[in-house]
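Subject: Structure for your review

Dear colleague,

Please find below the structure that I am handing over to you. I would be grateful if you would look through it alongside the notes that follow.

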Amino acid sequence: MAYKDETFEKFSDSVFSSSPVPGGGAVAPLVAALGIALDGMVLSITRGKSAYSGILPEIEELSKRCSALKEEFFRCSDVDSEAFLALLDVYKMPKACPGRNVLMENALNGACRAPQKIMELCLEGLGITEEVLEKASPSAVSDTAAAALLLKAAASVSELNVLANAKALSDKASARQMICECAALAKECRSKADSVYSKTKAL
């Protein structure tokens, strides 16, 4: 599957349907992709202003990072859905099926790793957003705040998906560690996003 190649209408209709895929796990990184795209837009606007010619190399570098991260979010949307489908396949297996427990543990871990990776990328994106806010034209900073809020939302949704699957792991020590790591990621994402939002409102 490649959600990035679908029209928005087709994708939203798929989300609207009774199918569990695409669900929140696939939607979250696409929301994040829109967030980092807004950062890219702000940089593009700034690039066109002569007052910022002195920092053009920095603007260009940030723009490249935004573009690469946007593509990574698209990839994560597909990976998350694939991981969830793999988990559903194991759930459908008879409980007495040999090796089912091992397959279940592996599938649950895969379903946790995908949203955790999204959270890590959201944190990276928010770091970029902070840099954009410092360097961008004031005329476009409201979109920087919008980017921060979208990345924050994507991270929060992804944390919920980690929690849902980690709780079912047999390895409780590993589950606790994963949950703690994601809680820390979510907290840092909220802090960065809220900071950008507050600074933008104060401008």
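The secondary structure of this protein consists of six helices and zero strands. The pattern along the sequence is accordingly written α-α-α-α-α-α. Please keep in mind that the model is predicted. The C-alpha trace spans about 70 × 35 × 25 Å along its principal axes. The protein has 203 residues, and 42% of them are buried. Among the contacts with a separation of 6 or more, 78% are between residues 24 or more positions apart.

Helix packing

How do helix 2 and helix 5 pack against each other? Helix 2 covers residues 24–47 and helix 5 covers residues 141–166. The angle between them is about 160 degrees, and their axes are 8 Å apart. Angles over 145 degrees count as roughly antiparallel, so helix 2 is roughly antiparallel to helix 5. The crossing of helix 2 past helix 5 is left-handed. On the side of helix 2, the residues in this contact include G24, A28, G35 and V42; on the side of helix 5, they include D143, A147, A154 and N161. Sorted by class, the contact of helix 2 with helix 5 has 13 nonpolar, six polar and two charged residues.

Helix 2 also packs against helix 3, at an angle of about 165 degrees and with the axes 8 Å apart. These two helices are therefore roughly antiparallel to each other as well. Helix 2 passes helix 3 in a left-handed crossing. In this contact there are 16 nonpolar, six polar and five charged residues.

The nonpolar cores

Which residues touch the most other members of the largest nonpolar core? They are F73, C122, I128 and V132, out of 46 residues in that core. Helix 2, helix 3 (56–91), helix 4 (100–135), helix 5 and helix 6 (172–202) are the elements that give two or more residues to this core. Helix 4 gives the most, with 14 residues.

The loop between helix 1 and helix 2

Where is P22 found? P22 lies in the loop between helix 1 (8–16) and helix 2. The peptide bond that joins V21 and P22 is cis, with omega about 0 degrees. For context, most peptide bonds are trans.

P20 has its place in the loop between helix 1 and helix 2 too. Is P20 buried, partly exposed or exposed? Its relative accessible area is 48%, so P20 is partly exposed. Not counting residues up to four places away in sequence, P20 touches F84 and L88. P20 and L88 are 68 residues apart in sequence, yet their C-alpha atoms are 9.5 Å apart in space.

With kind regards

Methods: Residues numbered from 1 in each chain as written. Predicted model: local features only at pLDDT ≥ 70, side-chain atom pairs only at ≥ 80, totals over all residues. Heavy atoms only, no water. Axes fitted to C-alpha atoms, helices over the stretch in contact; angles between N-to-C directions. Helix = DSSP H or I, 4+ residues; strand = E, 2+ residues; numbered from the N terminus. Parallel < 35°, antiparallel > 145°, perpendicular 65-115°, else oblique. Left-handed = near helix turned anticlockwise from the far one by under 90°. Contact = heavy atoms within 4.5 Å. Nonpolar A, V, L, I, M, F, W, Y, C, P; charged D, E, K, R; others polar. Core = buried A, V, L, I, M, F, W, Y, C linked by side-chain atoms within 4.5 Å. Buried < 20%, exposed > 50% of the residue type's maximum accessible area, 1.4 Å probe, protein only.
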